[in-house]
Amino acid sequence: MSGTVLSLRDLRVTYRTQGGGVPAVRGVDLDIGTGEVVGLAGESGCGKSTIAAAILRLLPAGTTTEGEILLNGEDVLKMTASKLRAVRWAGASIIFQGAMHSLNPVRRIGDQIAEAILVHNQANEREARVRVGALLEQVGLPPRRIDDYPHELSGGQKQRVMIAMALACNPSLVIADEPTTALDVMVQAQVLKLLKELQHDLGLSMIFITHDLSVLVEVSNRLAIMYAGKIIEDGPADLVFHHAAHPYTKALAAAFPEIGDLRFRRKPSGLGGDPPDPQNVPSGCAFHPRCPERVDGVCEGIEPELWVAGENSHAACVHVSGAPAFEGMPA
Amino acid sequence: MSKMPEPIMTEPELTAPVMGEPDPVTPERANRLAWARRRRSLATYWKTFRKSRQGMVGLCILGFFVVLALTAPYIVDLTQIAPATADGPILHPPTAGYPLGTDNFGRNVLSMVVYGSRISLLIGFTATVGAMAIGSSMGIAAGYFGGRTDTILSAITNWFLVLPWIVLAIVLATVNPFHLPDLGNIILVIAITSWAGTARLVRAQTLSVKERTYVERSRALGSGNWHLVTRHVLPNVMPVIYANTVLMVAIAILSEAALSFLGLGPANTVSWGTILQESYDNGALTAGYWWWFLPPGIAIVLVALSVTLCGYALDEILNPRLRDR
Amino acid sequence: MTETLAAGEPLDLGPPVVEIRDLEINFKGRVGFVAGLGGRSAPDAKAVDGVSLTLHEGEVLALAGESGCGKTTTARAIMGLIAPNAGQIFFEGEPLPTSTRALRPYRRAVQMVFQDPTGSLNPRSTIYEIVAEGLRIHKITSGPNGETEEELVARALSRAGMRPPERFVALYPHELSGGQRQRIVIASALALDPKIIVADEPVSNLDASVRGEILALLLKLRDDLKISILIVTHDLGLAWTVADRVAVMYLGRIVEVGPTELVLQHPRHPYTKALLDVVPEAGGISRPILHGEPPDPTKIPTGCRFHPRCPIVASGRAKELGIEDRCTGEDLGLQPTGSENFAACHLVDVNQLP
């Protein structure tokens, strides 16, 4: 089965707060094909975690979501409550950040994993238990731990349990929201390796959301970089990381230097200023106040789109090859 | 595998709001500005408080009683509330001249209730201040110092918590260990029997504040315990203390009523509790002299209610997450 | 000092400022109340189990390792916040006193920057009060050249990059961004003219694009004011960016220490090599990854404490080289591997690389 598993069309999400509406996502288009891993990178306030929650309609009450979220062809935003419940977990599942808090401390892990299977009526209790044992093996945990409580597991093991839970109902799409951020580097490497193997063996499609760009290059086929609620660059992972077209991506990549690269010795790389507050997004190109390649007179007035920047890659910057010529641009 | 991008460094842009022509940095100016900001944040608190209907209702009722208590000596005819000089008809239901009727001495019940607000509110507020002072000190000391100090202080706190307060109150009120005048004794008794709940709350909050990084940083700077407690722990425990104080007032007033009802209240004074006591002793409940026991009872309930409503509103201010529910 | 050094060139280190020798810090084992009454006791956690380290003047030293290795505890001991169970700490040649009163002048000279910039600032204090707090605690009313408190505060803010300082003094922490808050923490440390700054994961809570300016600030402070900086981190990329020397810790011991170029490009200890292997980079995770979790400090293995997870032992290479018995049976300290490098590994004796 090939095709597009997830398709976001002009997704806009606005939170409701005391101070008014906060536009966290301001028009995002994204496609994920079968068996593809798309990395979604960005810093605080860029909207990436909002997208993760939006796909399964897990946003707080009062949040407005516009646009289309097509999961296997069906628009999640238009689903009825019962269809939505069926889709949650069986259509797409989520691996959360901070597994320690996502597990119920007073229930055995086997029961918690089985819960998803039972809720979706995919098996009876006995069959579910067998399936849970198989899942635990798949994620590298001995099946005899099926009756352990969360506090008997280490951080890395708990994250593996979360992965097993996410796979329990054979979803077509797995959303991984910062799955390795709270872990030690060695455990992080183990979990990443596991995710790669599972993705390969099961043909999973994945969205991998993180702020750590170097991790994404390891696991993703394609990268999408977000800034202030929009995607500002996308393309093949290797290309985007090593030959970034957008100045923000360049700066973000430079913040994760390669050990051994003498150019970064005692030369920290970073941008002045801060990621913009979603309530106060700068005019024109949202990145222009911090951009080292800003063209005064042009960038604060233009709303850039994802123009072609290279083979299969796009960037929302006036400097890329596919951008139209604007008045005031240097020749 | 191609090379990684070059390091990039841009000058940080300072995004602080400009406040007119910057004056030289002085502690006085910083102080003045700090006070101006505190006033502004108080104004924000007030605005939020005003939005809460519960809070405003509570505040109005409480304000009404406070004004009543303060103006009582000027609006009440004192002769009408002393048994010797009262000249109203005995146990008469409400009439034009006596809107709340009279009691067994012919005293004007309305005047009694108005005048009694003074003592009831005085006892309520003073005892609360006392209870808060004891409770906060015990709670902060236990939470901050930990170890054996905590064990001992918590044991004392728990002892007071577990002891039936009415028994303790009766004993203390009767024995009057410090030979205080009646009023003082009652205030002390209520303070002593109510501080324990506050202490537990304050201890919990102290434990949480103590672990915060800015406390550790201050310790790393070399500060001593006094500095840490007064500059860092106390200001961040105060919100909990404020919220609790407001609720304590209700408890104190109810306690005074209960103690006076039992005959342990300040003798020869008019308070809502003593009115209730006298009405009960004279069989008002069975005989149906409702104008005698209902008004003080309602007054007590109203004050306790008003204070609780204010407490809810304060809670919303201090815990913004509750506001959106 | 911004020239890059090729591997092998000796570092130009100043005189030692802080030296710790054979430091040991244990945390008592905890048992439930009833079990304790029954006479049971739990083993102590040896958070720091024999650490010797020297921090030189004007040096940036990175203390690296995973969680539970003891790096934060070591940093706290250097700060004087934890009393060691054994070993000594020397400051400018003199051993540290034990009483709180006598430690005060030391507390001035050593300042700490914590991981969480938001939690480090009292939300109810203004920026002025935060930066001046250290001065007030130490009752410093005037600077060495007669500066007033306000001038000292202004100078500290300027040095931390908050210019002009007048704009910031009346603000509250919640009105600043994450990077600015960390600058305020650094400013409050600078107000006391410290000789050493101990930074515990100073940028890991900040956004990636903001980290650079804080790291550049630390380097600038080292260059301009000759402040020694001890950075505790799990991120070897950070060490590569700013550190002169790196000390890698495992289970309460330093397993390798030396100039950054040497340690991170030519590691001599298998653990260092394993950490470097898993730093994410394009190419796939096909390199060997250590099994298991960071170990339990209450159950320290015999012999070399890394041997249960060591790839050299697991692959049989240790046996081939004839050192396996020593790996499992003989505990060892840091062995010199060159003029500046030390590694606690039996491979050094047989002159092999991991």
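In which sense do strand β10 and strand β12 of chain C pair, and over how many bridges? Select residues 253-259 and 342-343 of chain C: these strands pair in the antiparallel sense, over two bridges. Strands are DSSP runs of E, at least two residues long, and helices are runs of H or I, at least four, both numbered from the N terminus. Two strands pair if DSSP finds at least two bridges between them. Now pick C:Glu256; its bridge partner in β12(C) is C:Ala343.

This is a predicted model, where local features need pLDDT of at least 70, side-chain atom pairs count only at pLDDT 80 or more, and totals for chains, interfaces and linings use all residues. Residues are numbered from 1 along each chain as its sequence is written, while chains are lettered from A and ligands numbered from 1 in the order written.

Widen the view to the open sheet of chain C. Eight strands run in the order β6-β7-β8-β3-β9-β10-β12-β11, with mixed pairing. At the edges sit β6 (110-113) and β11 (335-336) of chain C, each pairing on one side only.

Next, move to the contact between chains A and C. Here 39 residues of chain A are in contact with 38 residues of chain C (C-beta atoms, placed from the backbone, within 7 Å). Select α7 (185-202) of chain A. This helix gives the most to the side of chain A that touches chain C: eight residues.

Last stop: A:Ile225. Leaving aside neighbours within four places in sequence, its contacts include A:Ala41, A:Val240 and A:Leu252.

Methods. Contact = placed C-beta atoms within 7 Å.
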